[in-house]
Amino acid sequence: EVQLVESGGGLVQAGESLTLSCRASGFTFDDYAMAWFRQTPGKAREGVSWVSSRDSSIDYADSVKGRFTMSADDATNTVYLQMNSLKPEDTAVYYCAADHVLNLENSARYDTRWFTGYWGKGTLVTVSS
C-alpha cells in the first residue's frame, strides 16, 4: 500500500516560517522523484518545488524562490518543505507527490495531466495578514 502522509500545516502570521513533512511508504523511495504542490479552491494544483530532470537539482516556482527549501532524509523516507517569510498568498492546501522525474517535472511546470504517480492527502497552510 502506497502512502504519502503530510504533516506540519497550520496557521501562521505573514513573515513567519513553517516546515512541512511528507513520510513515504509502500514503494521504493529511491525509484521516484518527489515534489510539493499546492492548491486553493477553484484553482488548478500547481507545482511548488520539484526535482529537475536536467541535473537532479531542486527547482522552485518563481513565487516561492528564495523563500522555500525542499530537502529529503533518505533514512526515514521523508521529504520536507521549509517555508520562510510566508505571505498571505501562500495560503493553500499543500500536497506531497511522488512520480517518475519527467512526469513530475512536467506536472509541476505545466499541467498535472502529466501526473501518473502518488498524491498525499494534503495539509492546510493558512497565512494571515
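Predicted model: local features only at pLDDT ≥ 70, side-chain atom pairs only at ≥ 80, totals over all residues.
Tutor: Residues are numbered from 1 along each chain as its sequence is written, and side-chain values use heavy atoms, with hydrogens and water left out.

Student: What makes Cys-22 and Cys-96 a disulfide?

Tutor: The label calls for a pair of cysteine sulfur atoms within 2.5 Å. The S to S distance for Cys-22 and Cys-96 is 2.0 Å, so the pair qualifies. A search of the whole structure finds one disulfide. Cys-22 sits in strand S3 (residues 18-25) and Cys-96 in strand S9, 74 residues apart, so to speak linking distant parts of the chain. Strands here are DSSP runs of E with at least two residues, helices are runs of H or I with at least four, and both are numbered from the N terminus.

Student: Why is that disulfide called left-handed?

Tutor: The torsion about the S-S bond of Cys-22 and Cys-96 is about -80°, and therefore the disulfide is left-handed.

Student: How do you know that Arg-38 and Asp-90 form a salt bridge?

Tutor: A salt bridge needs a side-chain nitrogen of Lys or Arg within 4 Å of a carboxyl oxygen of Asp or Glu. For Arg-38 and Asp-90 the closest N and O atoms are 3.0 Å apart, so the pair passes. This one links distant parts of the chain: Arg-38 is in strand S4 (residues 33-39), and Asp-90 is in the loop between strand S8 (78-83) and strand S9 (92-99), 52 residues apart.

Student: Why are Arg-38 and Asp-90 called buried?

Tutor: Buried means under 20% relative accessible area, exposed over 50%, and partly exposed in between, with a 1.4 Å probe and protein chains only. Arg-38 has 6% and Asp-90 has 1%, so both count as buried.

Student: What other salt bridge does Asp-90 form?

Tutor: Asp-90 also forms one with Arg-67, where the closest N and O atoms are 2.8 Å apart. Arg-67 lies in the loop between strand S6 (58-60) and S7, so this pair ties together parts that are 23 residues apart in sequence. Both Asp-90 and Arg-67 are buried. Salt bridges that share partners join Arg-38, Glu-46, Arg-67 and Asp-90 into one network. The structure holds five salt bridges, including one between Lys-65 and Asp-62 at 3.3 Å, N to O. Lys-65 and Asp-62 are both exposed.

Student: What makes S4 and S5 a strand pair?

Tutor: Two strands pair if DSSP finds at least two bridges between them. Four bridges join S4 to S5, so they pair, and they run antiparallel. S4 and S5 form a hairpin with six residues between them, and Gly-42 in the turn has a positive phi of about 80°. Three bridges join S5 to S6, also antiparallel, and in S6 the bridge partner of Trp-50 is Asp-59.

Student: Why is Asn-77 called partly exposed, and what stands out in its phi?

Tutor: Asn-77 has 24% relative accessibility, so the residue counts as partly exposed. Its phi is near 55°, a positive value in a residue other than glycine. Ser-85 likewise has a positive phi, about 50°, although it is not a glycine. With 41% relative accessibility, Ser-85 counts as partly exposed too.

Student: How do you know what lines the largest pocket, and which strand gives the most?

Tutor: On a 1 Å grid over the protein atoms alone, a pocket is an open set of points where a 1.4 Å probe fits, with protein on both sides within 12 Å along at least five of seven lines, and lining residues have an atom within 4 Å of a point. Among the lining residues are Phe-29, Tyr-32, Met-70 and Asp-74. Strand S7 (residues 68-73) gives the most, with three residues. The volume is about 160 Å³, counted as the space filled by probe spheres set on the points, which are joined across faces, edges and corners.
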